[in-house]
Amino acid sequence: MSTITRTWRNLRRIGLKEYAHQMMYMGDTKAGTYIATDRYGNKYYENLDEELPLDKPPTEDAVLRTGQRTWELPEHRENLTASRAAFKTYST
């Protein structure tokens, strides 16, 4: 939840339509500069209001540049929940 001052400032920056969209889907308002989109369609923004404990900005981060972590699969796998191929536990 943000303060009323930050909410008014973001409303002025992003406009009424985007404000309503963000409140409906996130419950908070965010304003920032568009940085990048990953291969799954997630959008990344630079927000100067919030400070994160990062050594480098996201544009210079090696993981975000390659988009691949060492533990990730090379291709996207579909979520098999509620299908016949879903993992099922069994009692012994």
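How many bridges join strand β1 to strand β2, and do the strands run parallel or antiparallel? Four bridges join β1 (residues 33-37) to β2 (residues 43-46), and the two strands run antiparallel.

## Basis of the model

This is a predicted model, in which local features need pLDDT of at least 70 and side-chain atom pairs count only at pLDDT 80 or more, while totals for chains, interfaces and linings use all residues. Residues are numbered from 1 along each chain as its sequence is written, and side-chain values use heavy atoms, with hydrogens and water left out.

The protein chain has a mean pLDDT of 78 (the predictor's confidence in each residue, from 0 to 100), and 79% of its residues reach 70 or more. Confidence is highest in α2, at a mean of 88, and lowest in α3, at 68. Helices (H or I, at least four residues) and strands (E, at least two) are DSSP runs, numbered from the N terminus.

Strands count as paired if DSSP finds at least two bridges between them.

Arginine 12 lies in helix α1 (residues 4-14). Its relative accessible area is 66%, so arginine 12 is exposed (buried is under 20%, exposed over 50%, partly exposed in between, with a 1.4 Å probe and protein chains only). From C-alpha to C-alpha, arginine 12 is 9.6 Å from alanine 31, and the two are 19 residues apart in sequence.

Glutamine 22 counts as buried because its relative accessibility is 7%. Leaving aside neighbours within four places in sequence, glutamine 22 is in contact (heavy atoms within 4.5 Å) with Ile14, Gly27, Asp28, Thr29 and Lys30. Methionine 24 counts as exposed because its relative accessibility is 66%.

## Alanine 82

Alanine 82 lies in the segment after α3 (62-66). With a relative accessibility of 80%, alanine 82 counts as exposed. Its phi is near 65 degrees, a positive value in a residue other than glycine. Most residues other than glycine have a negative phi.
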